[in-house]
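Here is a briefing on one model. Keep the sequence and the structure open while reading.

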Amino acid sequence: MEAHQTVDAVVIGAGFGGIYAMHKLANEQGLSVLGFDRAEGPGGTWYWNRYPGALSDSESYVYQYFFDKELYQDTTWENNYVTQPEILDYLEGVVDRFDLRRHFRFGLGISASNYDDANNQWVLTTDAGETIRATYVINAVGLLAAVNLPDIAGRDSFEGELVHTAQWPKDLDVTGQRVAVIGNGSTGQQVVTALGPQVRQLGVFMRTPQYSVPVGLRPLREGELAQFHDDYEQTREKIFGSALGFGIEEVGRSIWDYTEEEREQIFTDAWNEGGGFRFMFSTFGDLSVDEDANRIAGRYVQDRIKEIVTDPETARKVMPTGLHARRPLCDNGFYQTFNMPHVEAVNLSHSPIEEITPTGIRTADGIHREYDVIVFATGFDAVDGNYRRMDLTGRDGVHINGAWKDDPTSYLGMTTPGFPNWFMVLGPKGPFCNLPSAIEVQVEWISDAISQARADGIAVIEPTQEAERRWSEHCQELAKDSVFGRVDSWIFGANIPGKSPSVLFYLGGLAAMRELMKAEADAGYPNLISRSDQGVDERAATVTAAIS
């Protein structure tokens with residue numbers, strides 16, 4: 001690559017979002033586009049998260065692209081959920097199918113992105129010191145990519161293998177070793193379940209035990225794959241016309257309209273079918289907004305844990321309490337793992353980690369446990385974390401941290417004032433739903449906005465402060481009605497020490513989000529494109545009024 005190069009657009013990231021953005025801009029619009037990813041190949045999140053047990057928690061027929069019918073119908077899968085290797089193979093296949101590899105520079109990241117006001121260009125610096133100038137930047141850096149590695153005393157003194165699940169070495173084999181896993185969110189539960197039968201000793205350190213239901217992993221039944229392929233149009237309409245994009249039935253019925261026995265049966269049916277979002281949103285419509293209803297669902301899960309975990313003291317240690325209001329989880333035998341004699345649960349609310357020593361972990365109760373491997377399943381500085389860690393400045397040299405301060409903001413989850421022609425896929429205050437579904441609609445909207453601006457000779461796409469303010473207020477208002485905002489979780493940034501909790505998602509659902517995006521586009525993007533033509537203010541007011 002040339003030391004200095006000018007292109008129409010740069011795409012940062014090569015996961016679901018970056019791959020599709022590259023296809024839309026390079027193949028469909030014919031723009032000159034360069035893509036960058038520090039990974040040695042495509043895959044994004046699924047390139048890095050190679051830990052044992054890594055699995056999608058939305059079903060296979062949903063967890064893929066829908067923009068191309070032939071691609072969908074040519075894709076095959078064996079089970080109702082897809083594993084990390086399968087997803088990685090799928091994304092690599094998409095890159096080659098649409099001849100996108102030639103546009104990407106793998107093993108090379110962007111270390112700085114700075115807006116040049118005078119020339120209305122972004123000046124990007126690669127890790128190799130090269131300079132790229134581009135009119136448009138599409139950030140597809142991932143919702144869950146900025147690794148959260150807790151600063152525990154003595155962490156760097158450990159003489160064994162210390163690894164984060166999102167940085168799992170390709171050659172790491174823990175078979176027969178003594179392993180500690182810190183964390184019990186979705187990743188923690190998956191890795192614990194997978195490692196349980198493999199290791200000699202397993203310590204599971206959990207600060208906040210979480211509610212989880214079975215995932216319901218099973219092979220596809222005879223004829224099921226062909227049916228999914230035949231139902232492409234109906235499935236696509238169902239997914240993108242829903243709130244969650246998971247392909248599940250989203251019910252509105254109230255738990256209070258059913259007897260205790262009827263509730264129990266409905267929960268049992270969902271438990272047996274599997275899926276965390278199905279248990280939360282396909283049983284009763286008020287579990288996400290009514291605390292009393294939510295606690296009934298939580299008690300059902302608690303009762304199942306007592307049945308599964310045979311030792312009462314262990315069951316107490318892994319038992320979630322309070323609201324079932326973090327990201328809905330599902331597992332493939334997490335609670336059963338604690339029945340293995342070599343698996344120990346350590347509840348950190350009772351015995352916090354005091355320090356990591358050269359040979360293991362010492363808790364506050366004075367117990368020292370020795371390990372060969374310590375696995376951090378401690379998640380990410382979600383949504384805005386990747387941006388805040390960048391050398392990223394917009395108009396007038398304002399850094400993104402100065403623009404966002406304590407509350408990362410956006411308009412429609414994709415643009416932010418002061419950063420012209422700069423777009424985010426899965427940015428702050430974007431939809432809380434199945435991620436490939438959200439990615440697809442956002443990339444299409446971004447691509448259409450760029451295409452329209454170029455056709456109209458519009459040089460700058462940038463949201464107004466008023467549009468951003470109204471969107472933020474709307475997201476905050478929706479969060480007030482949800483039980484998800486009443487507990488500490490990564491959904492609101494509460495997992496990062498020193499980070500001010502804020503509303504990171506739009507909780508109105510994918511279908512409603514699509515309607516608002518369509519309204520903005522149909523009106524000619526009045527909240528993003530400055531024009532002198534008559535009526536632009538009225539159109540902008542109409543769109544923002546619809547948001548409220």
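Does Asn120 count as buried or exposed, and why? Asn120 counts as buried because its relative accessibility is 15%, and the cut-off for buried is under 20%. The model is predicted.

- Asn120 has a phi near 50 degrees, a positive value in a residue other than glycine.
- Asn120 lies in the loop that links strand 4 (110-116) and strand 5 (121-126).
- Leu412 also has a positive phi without being glycine; the value is near 65 degrees.
- The loop between helix 14 (400-404) and strand 18 (422-424) holds Leu412.
- Leu412 counts as buried because its relative accessibility is 0%.

- Arg178 stands opposite Gln201, which belongs to strand 9.

**Helix 8 with helix 10**

- Helix 8 (residues 260-273) packs against helix 10 (residues 291-308) at about 60 degrees, and their axes are 11 Å apart.
- The crossing of helix 8 past helix 10 is right-handed.
- Helix 8 brings Arg263, Glu264, Phe267, Thr268 and Trp271 to the contact.
- Helix 10 meets them with Ile296, Ala297, Tyr300, Val301, Arg304 and Ile308.
- By class, the residues of this contact are 7 nonpolar, 1 polar and 3 charged.

**Helix 7 with helix 15**

- Helix 7 (residues 232-240) and helix 15 (residues 435-456) pack with their axes 10 Å apart, at an angle of about 85 degrees.
- What does that angle make of the pair? Helix 7 and helix 15 are therefore roughly perpendicular to each other, since 65 to 115 degrees counts as such.
- Arg236, Ile239 and Phe240 of helix 7 make the contact with Ser437, Glu440, Val441 and Glu444 of helix 15.
- This contact of helix 7 with helix 15 divides into 3 nonpolar, 1 polar and 3 charged residues.

Technical notes
Residues are numbered from 1 along each chain as its sequence is written. This is a predicted model: local features need pLDDT of at least 70, side-chain atom pairs count only at pLDDT 80 or more; totals for chains, interfaces and linings use all residues. Side-chain values use heavy atoms; hydrogens and water are left out. Two strands pair if DSSP finds at least two bridges between them. Helices (H or I, at least four residues) and strands (E, at least two) are DSSP runs, numbered from the N terminus. Axes are lines fitted to C-alpha atoms, for helices over the stretch in contact, and angles run from 0 to 180 degrees between N-to-C directions. A crossing is left-handed if the near helix is turned anticlockwise from the far one by less than a right angle, and right-handed if clockwise. Contact means heavy atoms within 4.5 Å. Ala, Val, Leu, Ile, Met, Phe, Trp, Tyr, Cys and Pro count as nonpolar, Asp, Glu, Lys and Arg as charged, and the others, Gly among them, as polar. Angles under 35 degrees count as roughly parallel, over 145 as roughly antiparallel, 65 to 115 as roughly perpendicular and the rest as oblique. Buried means under 20% relative accessible area, exposed over 50%, partly exposed in between (1.4 Å probe, protein chains only).
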